[in-house]
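Morning, everyone. I have one structure to walk you through today. Let me put it on the screen.

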Amino acid sequence: MKLSENHEHIWHTIPRVPLGFWPTPLQEASRLAAAIAGPTLWIKRDDLTGFGFGGNKIRGLEFLMAEALAQQADSVITGAGPQSNSVRATTAAAVHAGMKMVVVYSGTPLDNIEGNYRLVRLLGAEVRFTGDPDRSSVDAYIETCAAELRSNGGRPYVIPRGGANTLGALGYVRAAYELAEQCAAQNIAPDVLVLAPGSCGTQAGLLAGVHALGLPWRL
Ligand SMILES: Cc1ncc(COP(=O)(O)O)c(C=O)c1O
């Protein structure tokens, strides 16, 4: 498999704002593997993507921000629960790209301004609450906010919860290519990838990438 040739050819054709530092390290966790008497264990260090402590979200945001800029959006809207990592990472990326950020949180305003909620406010986002603790209330309210901004002459770019749409998932298709190259270079042949899904955008992208490359990796 001439992975590196394919890699360059495919990924240079899709607009992407450079935010992270690639490839992220692939690190062996031998003591953890021994402690749990488990198999050989490697960790793809996507906690080290390098932009705004954004972890896995930065990969998708590179593609999403490129589309927002191409559409000449003047604001970005996303949402989730008030301590969302995804919202914090998206806010940092939007502000970095010079766009206004509107955040939709489920529930009602928090008494304690801490953690990601605090960081989002420090980054200058306009914060709105749905008034409903159900996280899915965010989806409709995002559209309400976008319609309001448009009616006032704005050009909002909507990112769904977790950045989990086709373009956002492309981040982890590319990650599968990156990981496959690292594994080939380091002579590692994983049989299982383990990940923690939330919105499942990461999982969808990895699945598509693993399938596209015909890799024998089980997720
Ligand atoms: C630290 C962390 N890991 C994993 C995930 C899950 O990623 P995804 O939403 O793409 O399933 C999230 C977000 O939900 C997260 O914040």
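Let's begin with strand 3. Strand 3 is mostly covered, with 5 of its 6 residues buried. Buried means that 20 or more other C-beta atoms lie within 10 Å of the residue's own; exposed means 12 or fewer, partly exposed is in between, and C-beta atoms are placed from the backbone. Helices (H or I, at least four residues) and strands (E, at least two) are DSSP runs, numbered from the N terminus.

A word on what you are looking at. This is a predicted model: local features need pLDDT of at least 70, side-chain atom pairs count only at pLDDT 80 or more, and totals for chains, interfaces and linings use all residues. Residues are numbered from 1 along each chain as its sequence is written.

Back to the strands. Which sense do strand 3 and strand 4 pair in? Strand 3, residues 75-80, pairs with strand 4 in the parallel sense, over 6 bridges. Two strands pair if DSSP finds at least two bridges between them. Thr78 stands opposite Val103 in strand 4. The chain gets from strand 3 to strand 4 through helix 4, residues 85-96, and this β-α-β crossover is right-handed. Right-handed means this: with the strands pointing away from the viewer, the path from the first strand over the helix to the second runs clockwise. Another facing pair is Ala80 and Tyr105, the latter in strand 4.

Now strand 4 itself, residues 100-105. Strand 4 is mostly covered too: 5 of its 6 residues are buried. Take two of the partners in strand 5. Val102 has Glu126 as its bridge partner, and Val103 has Val127. 4 strands form an open sheet in the order 5-4-3-6, with parallel pairing. The edge strands are strand 5 and strand 6, residues 156-158, and each of them pairs on one side only. On average, neighbouring strands of this sheet are turned by 25° against each other, direction ignored. Axes here are lines fitted to C-alpha atoms, for helices over the stretch in contact, and angles run from 0 to 180 degrees between N-to-C directions.

How many bridges join strand 3 to strand 6? The two run parallel, joined by 3 bridges. Ile77 stands opposite Val158 in strand 6.

Next, a helix against the sheet. Helix 6, residues 137-151, lies across strand 3, strand 4, strand 5 and strand 6. Helix 6 runs at about 160° to strand 3. Contact, here and below, means that the C-beta atoms of two residues, placed from the backbone, lie within 7 Å.

On to the domains. The domain assignment gives domain 1 as 3-54 + 165-213, and domain 2 as 67-163. Such bounds come from an automatic or database domain assignment. Taken over C-alpha atoms, the centres of domain 1 and domain 2 are separated by 27 Å. Where they meet, 12 residues of domain 1 are in contact with 11 residues of domain 2. What is the touching side of domain 1 made of? Its residues divide into 5 nonpolar, 7 polar and no charged. Ala, Val, Leu, Ile, Met, Phe, Trp, Tyr, Cys and Pro count as nonpolar; Asp, Glu, Lys and Arg count as charged; the others, Gly among them, count as polar.

Now a few single residues. Met65 sits in helix 3, residues 57-70. Is Met65 buried or exposed? Met65 counts as buried because it has 26 C-beta neighbours inside 10 Å. Leaving out residues up to four places away in sequence, Met65 touches Val17, Ala93 and Ala97. Met65 and Pro39 are 26 residues apart along the chain, and their C-alpha atoms are separated by 38 Å.

Last, some backbone geometry. Most residues other than glycine have a negative phi, and most peptide bonds are trans. The peptide bond from Trp22 to Pro23 is cis, with omega near 0°. Pro23 is in the loop between helix 1, residues 3-11, and strand 1, residues 26-28. Phe53 is not a glycine, and its phi is positive, near 55°. Phe53 lies in the loop between strand 2, residues 42-44, and helix 3. With 15 other C-beta atoms within 10 Å, Phe53 is partly exposed. Gln72 is not a glycine either, and has a positive phi of about 55°. Gln72 belongs to the loop between helix 3 and strand 3. Gln72 counts as exposed because it has 8 C-beta neighbours inside 10 Å.

That's the tour. Questions, please.
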